[in-house]
Amino acid sequence: MTKFMVAATLLACAASPAAAASFVVQNGSTASFAAPAGTVVNFNTVLPAGFRLDLVNNAGIVSGDSVGQYAQPAFSDGSAYLAVGPGGSATLASAMGYDSVSFFLGSIDSYNTVQVLSTAGAVIASYTGASFSSNPNGDQELPRTNRRITITRDAVDALIGGVRFLSDSPALEVDNVVFSAVPEPSTWALMFLGFGMVGTATRYRRRRATVVFG
């Protein structure tokens with residue numbers, strides 16, 4: 001390989017986008033529907049401070065079912081939720097940055113799309129319903145098509161500032177969106193160091209107690 005080819009390869013690698021965020025899924029249940037710890041947006045109350053919700057075309061906060069339009073996510077508590085229809089979009093955003101975003105997606109369809117955004121509004125990662133379920137047929141009752149999705153940014157990614165929901169057909173349904181921070185490895189190291197120091201100090205005090213009062 002010539003020096004020119006090596007240089008070109010290095011430039012191409014540098015120009016390639018960073019690895020996208022990773023995600024995990026949990027089958028639908030009352031437990032997975034419940035919002036985990038973090039900053040919660042459940043569409044049943046006012047938005048948390050610093051958040052905004054932009055609804056375009058066929059998107060809105062609804063409740064219950066509307067035949068052929070939208071359906072309450074399975075295992076939900078029956079409260080209001082966000083529904084996005086054909087050609088619609090809903091963008092939930094914050095000026096603050098987070099390490100992960102989690103949400104409960106109802107009746108997952110292949111034509112549903114979820115985009116994870118940076119605080120500047122750039123797309124960090126994009127997924128379709130097929131990313132979250134092996135058979136995204138929109139079933140309104142099964143655990144495999146009503147799931148909690150947790151997306152975590154990679155270390156090289158920008159902080160997560162929002163999430164956008166889109167759909168090409170009826171519909172995308174989502175509830176209990178949660179933004180949260182994940183401690184960096186250095187933070188964990190400091191925590192473990194602190195625990196170790198506390199443990200050492202405790203053992204030292206015990207030894208002193210044994211000597212003094214033995």
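**A charged residue in a loop**

Modeller: Arg-153 is found in the loop that connects strand S10 (147-152) with strand S11 (160-167); strands here are DSSP runs of E of at least two residues, numbered from the N terminus. The model is predicted, so local features need pLDDT of at least 70 and side-chain atom pairs count only at pLDDT 80 or more, while totals for chains, interfaces and linings use all residues. Residues are numbered from 1 along each chain as its sequence is written, and side-chain values use heavy atoms, with hydrogens and water left out.

Arg-153 has 15% relative accessibility and therefore counts as buried (under 20% relative accessible area; exposed is over 50% and partly exposed in between, with a 1.4 Å probe and protein chains only). Arg-153 forms a salt bridge with Asp-99, with 2.6 Å between the closest N and O atoms; the term requires a side-chain nitrogen of Lys or Arg within 4 Å of a carboxyl oxygen of Asp or Glu. Because Asp-99 lies in the loop between strand S6 (88-98) and strand S7 (100-106), and Arg-153 in the loop between S10 and S11, the pair ties together parts that are 54 residues apart in sequence. Asp-99 is also buried, at a relative accessible area of 9%.

A polar atom of the Arg-153 side chain also lies 2.6 Å from the backbone oxygen of Asp-157.

The whole structure holds two salt bridges. In one of them, the side chains of Arg-52 and Asp-54 meet at 3.0 Å, N to O. Asp-54 is partly exposed at 34% relative accessibility, and Arg-52 is partly exposed at 47%.

Key:
Helix = DSSP H or I, 4+ residues; strand = E, 2+ residues; numbered from the N terminus. Polar contact = N/O pair within 3.5 Å; in protein donor to acceptor, adjacent residues only side chain to side chain.
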